[in-house]
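Student: I have a model open and want to understand the labels used for it. Can we go through them one at a time?

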Amino acid sequence: MPMFMDVHHGMEGITADQLHQAHQADLDIEKDEGVHFEKAWADPESGTVYCLSEAPSAEAVQRIHERAGHLADEIHPVPLTVQGP
(Lines give C-alpha, C1' and ligand atoms only; values in the text may rest on other atoms or scores of the structure.)
Protein backbone atom coordinates (compact mmCIF):
# COMPACT_ATOMS: atom_id res chain seq x y z
CA MET A 1 0.00 0.00 0.00
CA PRO A 2 1.30 3.52 -0.73
CA MET A 3 2.94 5.56 2.02
CA PHE A 4 2.26 9.26 2.71
CA MET A 5 3.87 11.94 4.87
CA ASP A 6 1.51 14.72 5.80
CA VAL A 7 2.36 18.04 7.36
CA HIS A 8 0.32 20.26 9.67
CA HIS A 9 1.33 23.87 10.35
CA GLY A 10 0.16 26.30 13.02
CA MET A 11 0.38 23.95 16.01
CA GLU A 12 2.84 26.04 18.02
CA GLY A 13 3.17 24.89 21.60
CA ILE A 14 1.72 21.42 21.00
CA THR A 15 2.44 19.09 23.91
CA ALA A 16 3.23 15.38 23.84
CA ASP A 17 -0.22 14.71 25.30
CA GLN A 18 -1.95 16.79 22.62
CA LEU A 19 0.05 15.03 19.89
CA HIS A 20 -0.93 11.67 21.36
CA GLN A 21 -4.61 12.69 21.50
CA ALA A 22 -4.60 13.88 17.87
CA HIS A 23 -2.85 10.70 16.73
CA GLN A 24 -5.32 8.57 18.69
CA ALA A 25 -8.26 10.42 17.10
CA ASP A 26 -6.88 9.36 13.71
CA LEU A 27 -6.29 5.77 14.85
CA ASP A 28 -9.84 5.50 16.17
CA ILE A 29 -11.35 6.00 12.70
CA GLU A 30 -8.53 5.12 10.27
CA LYS A 31 -10.05 1.80 9.23
CA ASP A 32 -13.08 3.62 7.78
CA GLU A 33 -10.86 4.74 4.88
CA GLY A 34 -8.38 1.85 4.81
CA VAL A 35 -5.65 4.09 6.29
CA HIS A 36 -3.06 3.17 8.91
CA PHE A 37 -1.19 5.97 10.68
CA GLU A 38 2.26 4.65 11.56
CA LYS A 39 3.79 7.51 13.53
CA ALA A 40 3.52 11.22 14.32
CA TRP A 41 6.22 13.77 15.14
CA ALA A 42 5.97 17.38 16.29
CA ASP A 43 8.11 20.47 16.69
CA PRO A 44 6.27 22.62 19.26
CA GLU A 45 8.50 25.62 18.57
CA SER A 46 7.71 25.84 14.84
CA GLY A 47 4.22 24.36 15.25
CA THR A 48 4.88 21.70 12.62
CA VAL A 49 3.46 18.19 12.94
CA TYR A 50 4.31 15.29 10.64
CA CYS A 51 2.34 12.04 10.22
CA LEU A 52 3.44 8.92 8.35
CA SER A 53 0.70 6.65 7.05
CA GLU A 54 -0.13 3.83 4.70
CA ALA A 55 -3.25 4.59 2.70
CA PRO A 56 -4.99 3.95 -0.59
CA SER A 57 -4.71 7.67 -1.45
CA ALA A 58 -3.83 11.13 -0.15
CA GLU A 59 -7.54 11.91 -0.21
CA ALA A 60 -8.24 9.05 2.21
CA VAL A 61 -5.60 10.44 4.58
CA GLN A 62 -7.15 13.91 4.40
CA ARG A 63 -10.68 12.56 5.02
CA ILE A 64 -9.51 10.92 8.25
CA HIS A 65 -7.68 14.05 9.38
CA GLU A 66 -10.73 16.17 8.56
CA ARG A 67 -13.06 13.94 10.57
CA ALA A 68 -10.56 13.93 13.47
CA GLY A 69 -10.52 17.74 13.43
CA HIS A 70 -7.05 18.52 12.08
CA LEU A 71 -6.76 18.91 8.31
CA ALA A 72 -3.31 18.41 6.83
CA ASP A 73 -1.76 21.41 5.07
CA GLU A 74 0.35 19.16 2.83
CA ILE A 75 0.25 15.47 1.92
CA HIS A 76 3.24 13.97 0.11
CA PRO A 77 3.55 10.49 -1.38
CA VAL A 78 6.60 8.59 -0.13
CA PRO A 79 7.39 6.09 -2.90
CA LEU A 80 10.96 5.30 -1.73
CA THR A 81 12.19 4.35 1.73
CA VAL A 82 15.67 3.53 3.03
CA GLN A 83 16.34 2.31 6.56
CA GLY A 84 19.53 2.16 8.52
CA PRO A 85 21.26 -1.07 9.50
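Student: Which residues does His70 touch, not counting residues up to four places away in sequence?

Tutor: This is a predicted model, so keep that in mind throughout. His70 touches His8, Ala22, Ala25, Asp26 and His65. Contact here means heavy atoms within 4.5 Å. As for its place, His70 sits in the loop between H2 and S4.

Student: Why is His70 called buried?

Tutor: Set the value against the cut-off. Buried means under 20% relative accessible area. His70 has 15%, so the label is buried.

Student: How far is His70 from Asp26, by C-alpha atoms?

Tutor: The C-alpha atoms are separated by 9.3 Å, and the two residues are 44 apart along the chain.

Student: His8 is on that contact list. What makes His8 count as buried?

Tutor: Its relative accessibility is 2%. The cut-off is under 20%, so His8 counts as buried. His8 is found in strand S1.

Student: What is His8 in contact with, leaving aside neighbours within four places in sequence?

Tutor: The contacts are Gly47, Thr48, Val49, Cys51, His65, His70, Leu71, Ala72 and Asp73. Take Leu71: it is 63 residues from His8 along the chain, yet the C-alpha atoms are separated by 7.3 Å.

Student: Why is Thr15 called partly exposed?

Tutor: Its relative accessible area is 38%. Buried needs under 20% and exposed needs over 50%. The value for Thr15 falls in between, so the label is partly exposed. Thr15 lies in the loop between S1 and H1. From Thr15 to Lys31, 16 residues along the chain, the C-alpha separation is 26 Å.

Student: Now H2. Which of its residues are buried?

Tutor: Helix H2 spans residues 58-68, and Ala60, Val61, Ile64 and His65 are buried there.

Student: How do you know that the buried residues of H2 line one face?

Tutor: Look down the axis of H2. The buried residues fall within an arc of 135°, so they line one face of the helix. An α-helix has 3.6 residues a turn, so residues three or four places apart point the same way.

Student: What does the face of H2 turned away from the buried side carry?

Tutor: That face carries Glu59 and Glu66, both exposed.

Student: What covers the buried residues of H2?

Tutor: The cover includes strands S1 (3-8), S2 (36-43), S3 (48-54) and S4 (74-77), along with helix H1 (16-29). Just after H2 comes Gly69, with a positive phi of about 95°.

Student: What pattern does the protein chain follow along the sequence?

Tutor: The pattern is β-α-β-β-α-β, with 2 helices and 4 strands.

Student: What makes the protein chain as compact as a globular protein of that length?

Tutor: Compare two values. The radius of gyration is 12 Å, and the globule rule gives 12 Å for 85 residues. The values are close, so the chain is as compact as a globular protein of that length.

Student: How much of the protein chain is buried?

Tutor: Buried residues make up 32% of the 85 residues. The accessible surface comes to about 5200 Å², and 54% of it belongs to carbon and sulfur atoms.

Student: How many positive and negative side chains are there?

Tutor: There are 4 positive and 16 negative ones. The centres of the two sets lie 9 Å apart.

Note on methods:
Residues numbered from 1 in each chain as written. Predicted model: local features only at pLDDT ≥ 70, side-chain atom pairs only at ≥ 80, totals over all residues. Heavy atoms only, no water. Rg over C-alpha atoms; globule rule 2.2 N^0.38 Å. Buried < 20%, exposed > 50% of the residue type's maximum accessible area, 1.4 Å probe, protein only. Areas by Shrake-Rupley, 256 points an atom, 1.4 Å probe, with all protein chains shown as cover. Lys, Arg positive; Asp, Glu negative; His and termini not counted. Charge placed at Lys NZ, Arg CZ, Asp CG, Glu CD. Arc of directions from axis to C-beta.
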